[in-house]
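Please consult the sequence and the structure shown below.

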Amino acid sequence: LAGHFLFMEDDFLVCPHALRALAYVTAKAHAYFPEGWSGIRVSYGLCGILLLDADVTAVADYLEQHQARRPPDHLLPEWIAGETPQARAFLQGRRNLGYRFNVLRHIGVTSSLREAHQVGFPGCYEELVFPVVFEAEAWRPQEPACLSDDLWPCKGAPGWPRAWPLHNVAAKGAQFLDAGAAHHRVAYVPPHEA
């Protein structure tokens with residue numbers, strides 16, 4: 001994982017085997033996109049976006065320059081998706097990626113964006129789909145190629161498995177395409193029950 005930067009927050013815990021998942025997804029991202037990428041979504045909120053070390057200073061500058069316009073939880077996805085001329089100019093065609101599973105667990109109940117207590121945060125290894133994350137950074141089960149791949153955009157690379165067996169994730173069951181949507185749920189299994 002050297003050469004990468006992961007956004008973290010103080011009210012998130014690392015899910016079991018998350019470091020294995022992060023090593024896998026970064027290696028897969030480099031295989032799928034050898035020309036580089038802007039960021040990989042591996043959790044939600046400001047937390048759980050992987051960057052290349054070489055991009056950290058430009059991202060920090062962007063967050064500082066635009067902090068009055070939007071909260072950082074929204075600015076970072078905006079940057080990695082190349083939604084502004086400034087981001088597009090820096091990224092030079094590199095795109096953002098979305099890992100299928102959440103590898104960080106939120107333990108807080110208050111959002112920095114809302115005053116009310118929050119419930120229903122995604123748990124370990126739940127899917128990072130829209131509206132859990134912004135649509136521009138979500139894994140997309142409605143795309144047929146993604147039903148057998150865990151990194152969006154689902155394009156494959158020679159010699160790489162389309163998906164990786166996860167530890168402590170209950171059986172996902174069959175995936176069915178019905179009117180463009182996959183119907184299934186990933187359940188977290190506590191390590192002492194695995």
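The points that follow treat the basis of the model, its cores and its disulfides.

This is a predicted model, in which local features need pLDDT of at least 70, side-chain atom pairs count only at pLDDT 80 or more, and totals for chains, interfaces and linings use all residues. Residues are numbered from 1 along each chain as its sequence is written, and side-chain values use heavy atoms, with hydrogens and water left out.

**Nonpolar cores**

- A nonpolar core is here a set of buried Ala, Val, Leu, Ile, Met, Phe, Trp, Tyr and Cys residues joined through side-chain atoms within 4.5 Å; buried means under 20% relative accessible area, computed with a 1.4 Å probe on protein chains only.
- The largest such core has 28 residues, and those with the most contacts inside it are Val25, Ile40, Val42, Tyr99, Val103 and Tyr125.
- At least two residues of this core come from each of α1 (18–32), β4 (49–52) and β5 (96–99); helices (H or I, at least four residues) and strands (E, at least two) are DSSP runs numbered from the N terminus.
- With 7 residues, α1 provides the largest share of this core.
- A second, separate core has 14 residues, including Tyr62, Leu63, Leu76 and Trp79.
- In soluble globular proteins, nonpolar side chains tend to be buried together.

**Disulfide Cys15–Cys124**

- A search of the whole structure finds 2 disulfides, each being a pair of cysteine sulfur atoms within 2.5 Å.
- Cys15 and Cys124 form one of them, with their sulfur atoms 2.1 Å apart; the link is left-handed, at -90 degrees about the S-S bond.
- Cys15 is buried at 3% relative accessibility, and Cys124 is buried with a relative accessible area of 3%.

**Disulfide Cys146–Cys154**

- Cys146 is joined to Cys154 by a disulfide with an S to S distance of 2.0 Å.
- This disulfide is right-handed because the torsion about its S-S bond is about 100 degrees.
- Both Cys146 and Cys154 are buried.

- Counting bonded cysteines along the chain, the disulfides follow the pattern 1-2, 3-4.
- Cys47 is in no disulfide, and the nearest cysteine sulfur, that of Cys15, is 9.9 Å away.
- Cys47 is buried, with a relative accessible area of 0%.

Methods. Buried < 20%, exposed > 50% of the residue type's maximum accessible area, 1.4 Å probe, protein only.
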